[in-house]
Amino acid sequence: MIPERFAPVLRELDPVAERFRAAGHQLYLVGGTVRDLLVDSGRSDYDLDLTTDARPPEIKACLEGWADAIWSQGEKFGTIGAHKIDPVTGETRVYEITTFRAEAYTDDSRKPHVVFADEIEADLSRRDFTVNAMALDLTAGSDMPELVDPFEGAVDLAQRVLRTPLGPEISFSDDPLRMLRAARFIARYQ
């Protein structure tokens, strides 16, 4: 059961989720927003990071006519950005929608070699920690989105455990800066 505190975020995302659903694509809310909503952080200024099985041209097609602006500087990495202006408040909300991906790092660069994936689990497995490897399925067709948590991040969050979805030797060798992020998470959640 998804807590009521998710409702404002889900209402905001419903119009864009409906566009992806109508086009036959999956759309998931991922990362820190899911984590912070689960722990009831009290925040309301969430980054809305989304992931999808749609490829970048399909993402742009889904956003066309809905977003006030679309940008594609991250397109080769599968990321399309958009913003929407709230007609009541005039505030601009930024959205980043990224194609499911699996990535690998080479020894000579911190820049990943990106390969698009077809399944949400592949995308979640490449994330830094299990507490960030959770997603809410926005296009499943039910009133309440399903929590996708293949690495038991919700349990780790409740128990204040920090683990990597894959082996730590894989995660930290892919991106050594994840060790610094681990220290930040430990300080934040202790």
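Which residue in β5 does L50 stand opposite? Select L50 and I97 together: I97 is the residue of β5 that L50 stands opposite.

The structure on display is a predicted model, in which local features need pLDDT of at least 70, side-chain atom pairs count only at pLDDT 80 or more, and totals for chains, interfaces and linings use all residues. Residues are numbered from 1 along each chain as its sequence is written, and side-chain values use heavy atoms, with hydrogens and water left out.

**The strands around β5**

Next, select β2 (48-52) and β5 (92-99). Strands (E, at least two residues) and helices (H or I, at least four) are DSSP runs, numbered from the N terminus. β2 and β5 run parallel and are joined by five bridges; two strands pair if DSSP finds at least two bridges between them. β4 and β5 pair in the antiparallel sense, over seven bridges.

Move to the hairpin of β4 and β5, which has six residues between the strands. G90 takes a positive phi near 80° there. E91 is exposed, with a relative accessible area of 57%; exposed means over 50%, buried under 20%, and partly exposed in between (1.4 Å probe, protein chains only). Leaving aside neighbours within four places in sequence, E91 is in contact (heavy atoms within 4.5 Å) with K84, I85 and D86.

**The second largest pocket**

Select E12, K84, D86, R93 and Y95, which lie nearest the centre of the second largest pocket among its 18 lining residues. A pocket is an open set of points on a 1 Å grid over the protein atoms alone, where a 1.4 Å probe fits, with protein on both sides within 12 Å along at least five of seven lines; lining residues have an atom within 4 Å of a point. α1 (7-22), β2, β4 and β5 each give two or more residues to this lining. The largest share, five residues, comes from β5. The volume of the pocket is about 390 Å³, taken as the space filled by probe spheres set on the grid points, which are joined across faces, edges and corners.

**R126**

Finally, select R126, in the loop between α4 (120-125) and β8 (135-137). R126 counts as buried, at 14% relative accessibility. Show R101 as well: its backbone oxygen lies 3.4 Å from a polar atom of the R126 side chain.

Conventions: A polar contact is a pair of N or O atoms within 3.5 Å; within protein, one must be able to donate a hydrogen and the other to accept it, and residues adjacent in sequence count only if both atoms are side-chain atoms.
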